[in-house]
Amino acid sequence: MSTPPSHALSHLKFMTMTDWDQWFTRWQSAFEQFAADAMSEADAGHDLYHVKRVVANSVRLGGVEGACPSIVMPAAWLHDCVVVRKDSPERNRASRMAAQRAGEFLGSIDYPVQFREYVAHAIIAHSFTAAVCPTTVDAKVVQDADRLEALGALGLARCLMTGGALGQRLFDPIEPFPFRRPADERQQSVDHFYTKLLKLPATMQTQSGRVEAQRRTQVLIRFLEDLAEELGTAASELQQSLSFLTTNCPQAHA
Ligand SMILES: [Fe+2]
Ligand SMILES: [Fe+2]
């Protein structure tokens, strides 16, 4: 991702790679400082370290997918710059609010104007709850980079931490793995696996993101299997609760 894209940086074609690195480093430190200030109040699952991991995922996926770093990098750094609690009624507007605030910030630092609307689109489309289709490879990369954070060991830890912060219990003591009852993620953290996390692999937008999402999803399923065993829940009950994975996989909505 250190190579400037030909389609988006025509005004920088005269630059040498050293110029490019300096240009890029200058913006990067501004993005990081803004994100650090904007997210100082965020919970541990959505703090600056989450943002840094999304940036790292974006670098990795963006390099493979041929995305534009001048769009992907500010979008990844700024994608969560407005903090809205998961249980807030404003939640489905959070990414639009973040895009608005990011746009004001990019204007204030004179970030090249030709990238800004693409950055805004990538920020708006990253959100699961916003349900906006990413139409550029840059937006697809940022969305996948953020969704990888909801899967694997990190996704598991973030889910349980967020549930704890919202005062949820870990699972329903009567039916830990929902299949006779509807999943209710406001009550139980494990239900969030069913309402969102296990549906994410089917929404991945890039091939490299899809491969990594599948690997990380196995971590979540292994956790549910171990939890069922430790609770003495019949394996068949867990399998029934997971049957939607093969019978009702959602199409990419975002
Ligand atoms: Fe977000
Ligand atoms: Fe995020």
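Hi everyone, let's start at one residue: just after helix α2, Gly-66 takes a positive phi of about 75°. What we have here is a predicted model, in which local features need pLDDT of at least 70, side-chain atom pairs count only at pLDDT 80 or more, and totals for chains, interfaces and linings use all residues. Residues are numbered from 1 along each chain as its sequence is written, while chains are lettered from A and ligands numbered from 1 in the order in which they are written.

First, the overall picture. The chain has 11 helices and 0 strands; helices are DSSP runs of H or I with at least four residues, strands are runs of E with at least two, and both are numbered from the N terminus. Of the 254 residues, 39% are buried, meaning that 20 or more other C-beta atoms lie within 10 Å of the residue's own, against 12 or fewer for exposed and anything in between for partly exposed, with C-beta atoms placed from the backbone.

How confident is the predictor? pLDDT is its confidence in each residue, from 0 to 100, and the chain's mean is 89, with 89% of residues at 70 or more. Helix α6 (residues 137-148) has the highest confidence at 98, and helix α11 (residues 244-247) the lowest, at a mean of 76. Please be careful with residues 2-14, where the pLDDT is below 50, and with residues 248-254, where it also stays under 50.

Back to α2, residues 48-65. Its 18 residues reach 25 Å from first C-alpha to last, close to the expected 26 Å, which is 1.5 Å times one less than the number of residues. Its buried residues include His-50, Val-51, Val-54, Val-55 and Ser-58. An α-helix has 3.6 residues a turn, so residues three or four places apart point the same way.

Next, a helix pair. α3 (residues 69-78) and α5 (residues 113-125) pack at about 45°, with axes 9 Å apart. That makes α3 oblique to α5, as angles under 35 degrees count as roughly parallel, over 145 as roughly antiparallel, 65 to 115 as roughly perpendicular and the rest as oblique. On the α3 side, Ser-70, Ile-71, Pro-74, Ala-75 and Leu-78 meet Phe-115, Tyr-118, Val-119, Ala-122 and Ile-123 of α5.

Last stop: Ala-183, in the loop between α7 and α8. Is Ala-183 buried or partly exposed? Partly exposed, because 19 other C-beta atoms lie within 10 Å. Ser-241 is 58 residues away in sequence, yet 9.8 Å away in space, C-alpha to C-alpha.

Definitions and conventions. pLDDT is the predictor's confidence in each residue, from 0 to 100. Two residues are in contact if their C-beta atoms, placed from the backbone, lie within 7 Å. Axes are lines fitted to C-alpha atoms, for helices over the stretch in contact, and angles run from 0 to 180 degrees between N-to-C directions.
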